[in-house]
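I wanted to set down what I looked up, in the order in which I looked.

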Amino acid sequence: MPDEDKKRAAHRTLVDRVLNGEGKASAEQRARAYRNDGLSPPLDALIGKVADTPTRVTEQDLAAALASGCTEDQVFELVVCAAVGQSTRLYEAGLAALAEATVDGRPDHAS
Amino acid sequence: MRLEILNHGYSRGTKMLFGMIKLFSRQPVPDAAKLVFYRPDFYGTHAKEFTHEAMRGESDWSVGDRELMAAYVSKVNESAFCIGAHTATATQAYDDAPRVAAVLSDVDAAPVDEPLRATLRMLGKLTREGKVGAEDMREVLAAGVTPQQIKDALAVCAAFNTTDRLGDAFGFELLTPEGYAAGAKYLLKRGYR
């Protein structure tokens, strides 16, 4: 197997594990955190920041998530899913743009 | 770190390991290292495997180039812990601190080869804007970068966009220059597994 496939395969394994493996948060909640879509307050604010403006996450954002009834383990999992989700979207956007710029794995000089 | 479980929720064996690391490195265990030991079955084991493949697996990019990409992506994300960690690691890998500092302050003027510069620019745009187009990729290809090298760089970018976010969300404590240097030495010797 070429090494390129090993990088991508290792990434897929990580994504599959955090979304579909056993967790303390439901698979549905983890999928919502991964997509940064469909969570209710105050989790939506925390997860939105992790995906889009992670340096703006505060102690208060985590405290609000915990006060809403989540356990620390659930918050841990949802934050991980949000981080993996956003970085996966970047990875896939880059690979899609590359595929568009190449033909059969070679630079598409014709275009 | 901001969650108590990430500070104290480790098994006795893991706590002993942290104690050994502290003893031998004479530095506190970095939060980035602690995180991957917390319920490793959920995140750490697979994250380490992917990051190691991206950073140390087979590639036409050198280890120094990939550490520089990690530092650069972290710089775009303004993710302080990872900027410190991968600036130190790229600096040791290249044995060239001015080169790393120049890239992080102005990639357009830095003394690096065009293929690396074009790749860093593309990773910066993707990280900053969340998207890149075929035109951006054609520019990188025209600079002499192979499609495989672009894929390899995108894997580095994915790994550090994840770690940067976790570092900021969980509040990784910044290290001293000695702490970053010790971490860099470890990463160059052992990798991310």
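Before looking at any helix pair, I noted that a crossing is left-handed if the near helix is turned anticlockwise from the far one by less than a right angle, and right-handed if clockwise. I also noted that helices (H or I, at least four residues) and strands (E, at least two) are DSSP runs, numbered from the N terminus.

**Ground rules.** This is a predicted model, in which local features need pLDDT of at least 70 and side-chain atom pairs count only at pLDDT 80 or more, while totals for chains, interfaces and linings use all residues. Residues are numbered from 1 along each chain as its sequence is written, and chains are lettered from A and ligands numbered from 1 in the order in which they are written.

**Helix pairs in chain B.** I looked up H8(B), residues 114-129, and H9(B), residues 134-142, and found that their axes come within 9 Å and cross at roughly 160 degrees. Axes here are lines fitted to C-alpha atoms, for helices over the stretch in contact, and angles run from 0 to 180 degrees between N-to-C directions. That angle makes H8(B) roughly antiparallel to H9(B); angles under 35 degrees count as roughly parallel, over 145 as roughly antiparallel, 65 to 115 as roughly perpendicular and the rest as oblique. The crossing of H8(B) past H9(B) is left-handed. From H8(B), B:Ala118, B:Thr119, B:Met122 and B:Lys125 make the contact, and from H9(B) the residues are B:Asp136, B:Glu139 and B:Val140; two residues are in contact if their C-beta atoms, placed from the backbone, lie within 7 Å.

I then turned to H5(B), residues 63-76, and H6(B), residues 80-94, which pack at an angle of about 155 degrees with their axes 8 Å apart. H5(B) and H6(B) are therefore roughly antiparallel to each other, and their crossing is left-handed. Among the residues that meet here are B:Val63, B:Gly64 and B:Glu67 in H5(B), and B:Cys82, B:Ile83 and B:His86 in H6(B).

**Chain A as a whole.** I found five helices and two strands in chain A, and from the N terminus on these elements run α-α-α-α-α-β-β. The radius of gyration of chain A is 17 Å, well over the 13 Å that the globule rule gives for 111 residues, so the chain is more spread out than a compact globule. That radius is taken over C-alpha atoms, and the globule rule is 2.2 Å times the number of residues to the power 0.38. Along the principal axes, the C-alpha atoms of chain A fill a box of roughly 55 × 30 × 20 Å. Buried residues make up 41% of the 111 residues in chain A, where a residue is buried if 20 or more other C-beta atoms lie within 10 Å of its own, exposed if 12 or fewer, and partly exposed in between. Of the contacts in chain A with a separation of 6 or more, 57% are between residues 24 or more positions apart.

Just after H4(A), A:Gly69 takes a positive phi of about 115 degrees.

H3(A) and H4(A) pack at about 140 degrees, with their axes 8 Å apart. That makes H3(A) oblique to H4(A), and the crossing is left-handed. The contact is made by A:Leu43, A:Ala45, A:Leu46 and A:Lys49 of H3(A) and by A:Asp61, A:Leu62 and A:Ala65 of H4(A). The buried residues of H3(A) include A:Leu43, A:Leu46 and A:Ile47, and what they pack against includes H10(B) of chain B.

**Where the chains meet.** The contact takes 41 residues from chain A and 44 residues from chain B. On the side of chain A that touches chain B, the elements giving two or more residues are H1, H4 and H5 of chain A, and H5(A) gives the most, with 21 residues.
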